[in-house]
Number of protein chains: 2
Amino acid sequence: MSRKIILYIATSLDGYIAEEDGAIDFLTAESSPEVGEFDSYTQLLERIDTVVLGRTTYDQLVNELMPDQYPYEEQKSYIITHHPIEGTDQLIFTDERPEQLIQRLKSEEGKDIWIIGGGQIIAPLIANNLIDEYVITTVPILLGQGISLFHEMDAAVQLAVVDTTIENGLITSVYSRVSE
Amino acid sequence: MSRKIILYIATSLDGYIAEEDGAIDFLTAESSPEVGEFDSYTQLLERIDTVVLGRTTYDQLVNELMPDQYPYEEQKSYIITHHPIEGTDQLIFTDERPEQLIQRLKSEEGKDIWIIGGGQIIAPLIANNLIDEYVITTVPILLGQGISLFHEMDAAVQLAVVDTTIENGLITSVYSRVSE
């Protein structure tokens, strides 16, 4: 049993992971709890030792969202970018394609891997059926426009329902991959 | 308390209510039970006395999906069309705009109203915040392309989570309107 590739992400009910300009205010409305207060997030962190994210998401994290402390210091971070810079053992900048990187990481020993995003990283992984588990938290808002979690694909991907729960006023649903 | 406007509909995980050509095979895969086998559907039928649908959906029902018997004979059906034909007391063809029709029906006495669809009927009702309850069944498949449930809108619509359950291997989630 190789390590699992997990997409754990929040979307609006109409499927947006951010507004057009990248803002994610709808995830952190006054009524919403901090992400750390979600049991599903705590459970995720216990399962993984690696995170994969795009350069835009990384920059947003370190410059805007969490400027004081990088939130994934305890994991190995792979940051996919067209212009890799020098990193550290724990912070690896790479210009591999998302599906190449993931297939390489899957073949290595380790705990599970969290695909943080954004859309450019996620889309080819879904289209190549490389996500083992989809943990999708739906925020009960229709944004009307923004950056979609799911992109158009030529072929359908069949999944199976695993679980659904309400946590802090949001719905978290879990789906698993059904075929190689 | 006026009668409620209910959107009860199934979508793929990536938000499609049908394939590009209108086919809804993904809803009726061999592994899927008949819609009548869903408790949530039985509960819906007990609450409503009226259905609202577009002419394309109506034609698909009577010509392809249920040619032997019109499935909503016990309800009053409003079929929205640019070219109304003569109907009966129970089968009413109208060229009213969806939001006009719904506001008129809401002001009349009666049980709740089910918005069946399709997209051209649903979109203006959502954009005008006229849906009181969203009952959305998610089929665990990523279709990749098709006809989207949600259309782009200029302004966000805030909802609240009511419930989520797994039924017959599908997830049915319920959201309610939070503001007028």
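How much area do chain A and chain B bury between them, and what share of it lies on carbon and sulfur atoms? The figure is about 2,700 Å², with 67% on carbon and sulfur atoms. Buried area is the accessible area (1.4 Å probe) that two parts lose on being put together, summed over both.

This is a predicted model: local features need pLDDT of at least 70, side-chain atom pairs count only at pLDDT 80 or more, and totals for chains, interfaces and linings use all residues. Residues are numbered from 1 along each chain as its sequence is written, chains are lettered from A in the order written, and side-chain values use heavy atoms, without hydrogens and water.

**View 1. Chain A on its own.** Chain A holds four helices and eleven strands (DSSP runs, numbered from the N terminus: helices are H or I, at least four residues; strands are E, at least two). Its C-alpha trace spans about 40 × 40 × 30 Å along the principal axes.

**View 2. The interface of chain A and chain B.** Here 35 residues of chain A contact 35 residues of chain B (heavy atoms within 4.5 Å).

**View 3. Strand pairing between the chains.** β10(A) pairs with β8 (residues 141–142) of chain B. The sense is antiparallel, over two bridges. Pairing requires that DSSP find at least two bridges between the strands. A:V157 has B:L142 in β8(B) as its bridge partner.
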